[in-house]
Amino acid sequence: MDVLEIAKREETRPLSKWVGAGANELSADSLERLFANEIPYIRIPDFATRDECEHLVAEAGQHGFNAYRNVEPRIDKLGITVFEYNAISKRRYFEDARTARQIQEAIFQRSFDPIARLRGLIEAHTAYRARVARTEAGADYFAGLVRRIEKGTLIHVDFAPAEQEGWCVGQVTHQLAWNLYLRTSGNGGKTHVFQRQWNPEHERYKDGSYGYDPAVSQGSEKAAFEPRPGEVVVFNTRNFHYVDPTADERITVTSALGRLSDRELIFWS
Ligand SMILES: O=C(O)CCC(=O)C(=O)O
Ligand SMILES: [Fe+2]
């Protein structure tokens, strides 16, 4: 093999290290670097005030949380996810999405709407338009769970092209998640992100539910952050990631944020 060919191979070898550190502002540049997997996350400090966060928690508390099916350790949430409806049906998903949206509207109206705020930031600081995902037939997805992850998560990825075959959200080219941290504790609850993106050969590490054997992340750099109330953190969920258990409460509002084209982003949960 000649030198040129070796150099070419080096170029195409997947990165195992971040090129840069996490960013502290959402900009056209930081967002592109997140899509390109050059940086581990974008933090947006003071996205919401403590008061706004507490109001949202109080309003969400008026409604019943439910646990993800077949997820251990337990994760509670308000709202629905496409992932759960793989085992039910698309028709039921869009029926249930209406009810979930009504409940969410009631909560956001009495506190504030983090999706509208994030969309505003994206459209002000980048060239993308952002909207809640919708089918070609005009059915709206649900976006924006209120979620309690207090016992931690397994190592996993969230990547619709691999998980949501036949759903239009499965057409995204890149997938991020944003979490607005409403309540956190200084005691645990860190989020860890590996510089390793899911590909089909990783399926042999799958543990039967949504988690993967930790060996899947061997040899890749890891970044961690300890979230603070009021901040939004955005990261690329095609990377393997997990959350530590916490001794106290850990509540977020969250959704996926996918890139459909070089102009268009969609939200869904
Ligand atoms: O709660 C977090 O910090 C991240 C949870 C997670 O796995 C995700 O948003 O995809
Ligand atoms: Fe995740």
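**Note on strand pairing, cavities and ligand contacts**

1. Strands β7 and β8 (residues 222-225) run antiparallel and are joined by four bridges, where pairing requires that DSSP finds at least two bridges between two strands, and where strands are DSSP runs (E, at least two residues) and helices are runs of H or I of at least four residues, numbered from the N terminus. Within this pairing, T191 has F225 of β8 as its bridge partner.

2. The model is a predicted one, in which local features need pLDDT of at least 70 and side-chain atom pairs count only at pLDDT 80 or more, whereas totals for chains, interfaces and linings use all residues. Residues are numbered from 1 along each chain as its sequence is written, chains are lettered from A and ligands numbered from 1 in the order in which they are written, and side-chain values use heavy atoms, with hydrogens and water left out.

3. Strand β7 (residues 191-197) also runs antiparallel to β10, again with four bridges, and H192 is bridged there to Y242. Five of the seven residues of β7 are buried, that is, under 20% relative accessible area with a 1.4 Å probe and protein chains only.

4. A search of the whole structure finds two cavities of 30 Å³ or more, a cavity being a set of points, on a 1 Å grid over the protein atoms alone, where a 1.4 Å probe fits but cannot get out, with lining residues having an atom within 4 Å of a point. Of its 35 lining residues, Y68, R147, H156, V157 and D158 are the closest to its centre.

5. Strand β6 gives the largest share of that lining, four residues. By class, the lining has 18 nonpolar, twelve polar and five charged residues, with Ala, Val, Leu, Ile, Met, Phe, Trp, Tyr, Cys and Pro counted as nonpolar, Asp, Glu, Lys and Arg as charged, and the others, Gly among them, as polar.

6. The second largest cavity, of about 50 Å³, is lined by L26, L31, I42, L118, I122, V234 and L257, which divide into seven nonpolar, no polar and no charged residues.

7. Of the 13 residues around ligand 1, D158, N179, Y181, T191 and R250 come nearest, a residue being counted if one of its heavy atoms lies within 4 Å. Oxygen atoms of ligand 1 lie 2.7 Å from a polar side-chain atom of R250, 2.8 Å from one of N179, and 3.0 Å from an N or O atom in the side chain of R147.

Terms used:
On a 1 Å grid over the protein atoms alone, a cavity is a set of points where a 1.4 Å probe fits but cannot get out, and a pocket is an open set with protein on both sides within 12 Å along at least five of seven lines; lining residues have an atom within 4 Å of a point. Grid points are joined across faces, edges and corners, and a volume is the space filled by probe spheres set on the points. Buried means under 20% relative accessible area, exposed over 50%, partly exposed in between (1.4 Å probe, protein chains only). A polar contact is a pair of N or O atoms within 3.5 Å; within protein, one must be able to donate a hydrogen and the other to accept it, and residues adjacent in sequence count only if both atoms are side-chain atoms.
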